[in-house]
Structure formats: structure tokens, C-alpha cells
Amino acid sequence: MASDMKEIIRLEDIRRNFIVGEETVHALRGISFTIREGEFVTIVGTSGSGKSTLLNILGCLDTPTSGEYFLDGVSVRTMGKNARATLRNRKIGFVFQNYNLLPKTTAVENVELPLMYNSAYSAAQRREKAVQALIAVGLGDRLQHKSNQMSGGQMQRVAIARALVNDPAVILADEATGNLDTRTSFEILVLLQKLHAEGKTIIFVTHNPEIPQYASRNITLRDGHVTSDTTNAHILSAASALANLPINDD
Amino acid sequence: MNFTNLFKIAVRALANNKLRGFLTMLGIIIGVASVITMLAIGQGSKRSIQREISEMGSNMIMIQPGGEMRGGVRQSAEDMQTLTLSDYEDIVNETRYVAATSPSVNSSGQIIYGANNAPTTVYGISPDYMQIRQYKVAEGDMFTERDILTAAKVCVIGQTVVDNLFPGGENPVGKVIRFQKLPFRVVGVLQSKGYNSMGMDQDDLILAPYTTVQKKILAITHLQGINCSALEEKYTDQAIEEISEILRRNHKLNPTDEDDFTIRSQQELSSMLTTTTDMMTVLLAAVAGISLVVGGIGIMNIMYVSVTERTREIGLRMSIGAKGRDILAQFLIESVLISVTGGLIGVVFGVGASLAVNAIAHFPIFIQPWSVLLSFVVCTATGIFFGWYPAKKAAQLDPIEAIRYE
Ligand SMILES: Nc1ncnc2c1ncn2[C@@H]1O[C@H](COP(=O)(O)OP(=O)(O)OP(=O)(O)O)[C@@H](O)[C@H]1O
Ligand SMILES: [Mg+2]
């Protein structure tokens, strides 16, 4: 891990409480870590350990109850709603478990979407970027396919292309392979490893205990605490794992 | 976020649900079309009444036997025998503000020429009547005072009578036609006036000397009415006063007695008719306006459904950088697009329906440019007004919850 790389994310004692009726749920109880450019970090933990809550804060969808969060050098905690929306548009790429593509809409149009909310891009530039992103995820031949004409794996690739299209500082994925079979999950992992190799910063929340082997670093959460934060010295190749999978896997 | 992109996003969203968009539009289409049609009919009859009145002569004064009806039963004007020839002569001789005067008697019946016949009305009048009612002779001549003195069996006929009796296109002037077995020589043909605002044919009539109609058709000596015209419209009141004095004197009425005649001026009639048509216009437009409001509620309903249905889409848009106001604008543009497109189609249908009403029912219509403009403004306002709450609801969604919405 090149520790001289630029700091993308710095969390300082992040806490997040939810008030439910009379009770206070402590979803995050003091999280601190730093993620540098080019890291592929997995976050694992049991259900209810606070993974999604943490990811929402990292993605500027939510703000912590206390603690400081710097994204690409900018303090997010004091930002208003609109400023956070702009920040998400420029610095974050989201990948969701259920893809969240627009229905009846072509792959290119889906990928263009983030740039529609950025007036710096012209229609032609938008199209150009979207096509490039789709080529990068291996869907160069599916540009005009509508979302309902694609398989789950293809839809998740479109979603990843959409997360790439604005050249974000970090790609955040919550259970991005949760809805996919093993083979397709590995295909997506191959793609993420390729993006990692190209220098992209990726944070991947997962239940699957195998996946950390393919990432460069793993953070484990439990009850809103970080219980372990390890660097992976021997990153496995998802491509060779995919090649070794039996053909009729499931 | 610029407007062009928001507009594109809204158009795309609508295109994804064309049928629903169209059904929502239907309410607006019907609303706008009916507003335009109703206003066209209302304004059309008002205009045509105003035109007719000025064509008829806005200084016309009509005298009928019998007092004002005050509840109860009144005898029909024809049965009252209070108006006499000497009343007529005194009005001619003793007034200063009256320009022209003509007695009026009439009879309806079948008119015959050769094998052709048709029902019509014969009006017994004097040549002054032409000036009072602004009739003109197109062919031949008007009959003369001499014909009146001799109760000559001559007549001037309207264009409809010409069409009914002389379908072959012969020249009617000089021909002899029969009304209730009585032969009349046609001396002239009137210039056509067309239909009036009540859909009545103003060319379906025969004018003959009043003496002839009195003696040879009706066998009466009294008059059924007297028509006059004031020197100028502004002298109408003075003329009415003079006439009233003469009639009260002739009829030997005490100062406490009520009039045994009724004088109506065109002025009075015109303001009455204008009020009536104005009221009709407002009523029709109100009914049509209600359907526009119903259409607007339809939009609101569909937009609410749409916001709920697209909660995840909204959550996604927010998570990739849409601000609340972008979402608000998107849904507002969608509802305004629906209402304005509906409005456009509605204008086309409304104009079409107005023209159809005019062509089929002979209703006069007038499509006022401002009514079209108004419909547009109202449509846009409807879209914004009824789209606002659903759009606001969408804009206020929490992206974290919205994106997990099932
Ligand atoms: N909006 C909320 N209101 C109240 N409590 C919440 C809210 N969101 C999360 N929590 C609580 O915070 C804790 C952490 O939830 P979180 O969704 O982050 O868990 P997770 O690690 O993502 O679980 P899973 O693996 O099942 O997705 C849970 O106890 C949950 O009930
Ligand atoms: Mg979760």
C-alpha cells in the first residue's frame, strides 16, 4: 500500500445515533480511519453492525451525529443539503444491490444520468463519456439496450458504468453482488479489480466473507465499532477464480 | 442544473408512460375545448345580436297595444284593439323627434305560385318601414303611398320566399303570387339579411300595403302595432315621451290610469339582450371551467401516483446529485407539459367544435383570441397549481429511504 498516495477519505470519531421513539440507537459509535487514493476496501460485518449507515455517511447522503468527515479534503459535516448533492454528483459513484436503473431507458441514457445534473457537460460530451464508461465495463456492444432487456450482471455493469461516468473520487458499493449468482458475482469482481488496477478508489460493503481476499484492505465492523482493519498482502485474482469455477455452477 | 436538461428528463419520463400521459391530458383537453366552444357560442350570439340591432336601426321604437304585463294573464297583443289609424296619423303629424312611422299588421299563411307553395308571413306596412328596419330593395321597386291609398294588391318579397316559389331562377318581379287565394303582384325583391342570432330567417317574409292586409286579409280596422324610428338614437327617450303623450290623449286615459299600450325601444331591447347573452356566456364558461378544474385534479391525482411509483427513481436521482429543486422542477415540468399539451389539443378541438356548431346548427360563433390565450394561461397555471404538491412531496423525499422503497 503506497502510503504516500493522496488522502481521499478521513473519518474522525464518527458517531451516528437514531432516535426511535424513546430509545436512541447507536448505529456508529466512534469510527476513525483514512482511505487513500487507489485503495480497494471491503467493509464486512454482521447484519445491523452499521455498514450501510457508514456507507450513507461516506456517500454524503447522511450526516454524522458527531465527528468529522473529510472527502477529498473537504469537510462534509457542516454542508447543507444542496452542497452535499453537488458533492455527490462530482465526487461519488454509487453502486446499489438492486441496480436502480431507470426503467425502459437505454444503457447509454442510464449512464449519462449523473452528467445531466452537471451543467459543465454538453450533450455531446455527455454521450461521449457515457459510451466510454460502458466500453470500460465491457458493454460497448449494448449501448442501446433497454434496462429491461438485460441480465442482472449486465444491469450491474451499467450501474458501475454510471458510477464511473463522473470520474468520482471514490466508488461506493453496497452489496453490489448480493443479487447475483456466484459466476456473475465473480465477473463483477473481475471488473472491480480491473478498475482498481487502473487506480480507482473503491469501497465495497459485503456479507460475503470470500470477497475481502480480492481487495487490498478489509475493515470489519461490529456494533458500530471497527474491530479490525487489515491490509491484504496477497490479493487473489478474481479472473483466475472465475476460470476455475465449474461451468454449471448453480 | 440547467433547464434544458430538466426539460429533457421530464419529456423522457412522460414518453415512458405515453398512455397514462394522454389519459391525464384528456381531462384538460375536454376542459379547454369546452371553455373555448362555450365562449365562442356566447360571444358569437352577443356579437350577432349587437350587429343585428345596429342593422335594424338602433333608434327603432315599437308600439304594441296592451299595457305592461304585471303578473297575471295578458291578452295577446293582436287581440287588443286599442291602436288605431288616427294614433298613427297623429304620431306622423304631431311629433318632432320621430323620423319615420309605419303601421304594422301581419298574417301568416301559405303562399302559392304555380305548383310551388310555402308557409310565410305577410307584413302590412307603409314604405317608411324600409327606413325603420333598414330593409333595401334589391330588384324592382318598393310599393308607393298610392298603393296604400288604393289598397293595391302588390308586394315586395324576401329572398327565402323567392327561393321557395321560384326555384327555377325566374325573375319574380311582375309575377302574380297568391296568399290565401288573394293574388298579389310582386313589385320588388328585398336584399337578403340572412339568419338572426335566434336562428330565425329574416328573409322569409312578404311586405304589402297595410291597408291591403287590414281590409282584404284580416278584415280589421285597428292596428296590431306601430313602428317608428327616432331622429337619432340619443333622441329615443324624447320620442317615446311624445308618442306616449299622444296615445294617452287619444285613448282618453286619466292621469292615474295605466298605459293601454307598450312602447319598447331598440336601445332597451339591446341592453336586455346583451345582459342575457352575457349571463349565458358566464354560465356556459363556468360550467366549462369546472371541467377544467376536474381535469386539473386528474393531473394532481396522476402526479401523486407517479411520485409514489417512482420513489426509487427519485432516490436514485438524488443520490447521483439531483437537488430537491431539480426534482421539484422535473415534476412541475411534467405536469405543465401534460396540461399545456392537453391545452393545445383542446384549443384545436374547441375551435373545431365551434366551427361545427356554426355549420350544423347555424349558431353564430366568435372565437375571441383572448379566450385562446386565456386557456393557455389557465392550463399552465393548472399544471403548476395541481402539480405543485406532488412535486413538493417528491422533492422532500429522503434519498436514503427513497432508494430502498419497494
Ligand atoms: N433510519 C434509521 N432509523 C433507525 N434506526 C436505524 C436507521 N437506519 C439504521 N438503523 C439502525 O442502525 C443499525 C445499523 O444498521 P445498518 O443498516 O447500518 O446495518 P448493516 O450493517 O447495513 O446491516 P445489513 O448487513 O443487514 O445491511 C441497525 O440497528 C439499524 O436498526
Ligand atoms: Mg446494509
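Mentor: Let us begin with a term: a salt bridge is a side-chain nitrogen of Lys or Arg within 4 Å of a carboxyl oxygen of Asp or Glu. This is a predicted model, in which local features need pLDDT of at least 70 and side-chain atom pairs count only at pLDDT 80 or more, while totals for chains, interfaces and linings use all residues. Residues are numbered from 1 along each chain as its sequence is written, chains are lettered from A and ligands numbered from 1 in the order in which they are written, and side-chain values use heavy atoms, with hydrogens and water left out.

Trainee: Which residue of chain B forms a salt bridge with A:Glu109?

Mentor: Between chain B and chain A the count is 1 salt bridge. With the closest N and O atoms 2.7 Å apart, the partner of A:Glu109 is B:Arg12.

Trainee: What is the area buried between chain B and chain A?

Mentor: Buried area is the accessible area (1.4 Å probe) that two parts lose on being put together, summed over both. B:Leu316, B:Ile320 and B:Ile400 supply 23% of what chain B buries against chain A, more than any other three residues. Carbon and sulfur atoms give 53% of the total between the two chains, which is about 2,400 Å².

Trainee: Which element gives the most to the side of chain B that touches chain A?

Mentor: Helices are DSSP runs (H or I, at least four residues), as are strands (E, at least two), and both are numbered from the N terminus. Among the elements of chain B that give two or more residues to this side are helix H1 (3-15) and helix H11 (324-361). The element that gives the most, with 6 residues, is H10(B).

Trainee: How many residues surround ligand 1?

Mentor: A residue counts as near a molecule if one of its heavy atoms lies within 4 Å of it. The closest residues include A:Gly48 and A:Thr53, and H1(A) gives the most to the shell, with 3 residues. The number of residues that surround ligand 1 is 13.

Trainee: How far is a polar side-chain atom of A:Lys51 from an oxygen atom of ligand 1?

Mentor: A polar contact is a pair of N or O atoms within 3.5 Å; within protein, one must be able to donate a hydrogen and the other to accept it, and residues adjacent in sequence count only if both atoms are side-chain atoms. For A:Ser52, a side-chain N or O atom is 2.7 Å from an oxygen atom of ligand 1. For A:Lys51, the distance is 2.6 Å.
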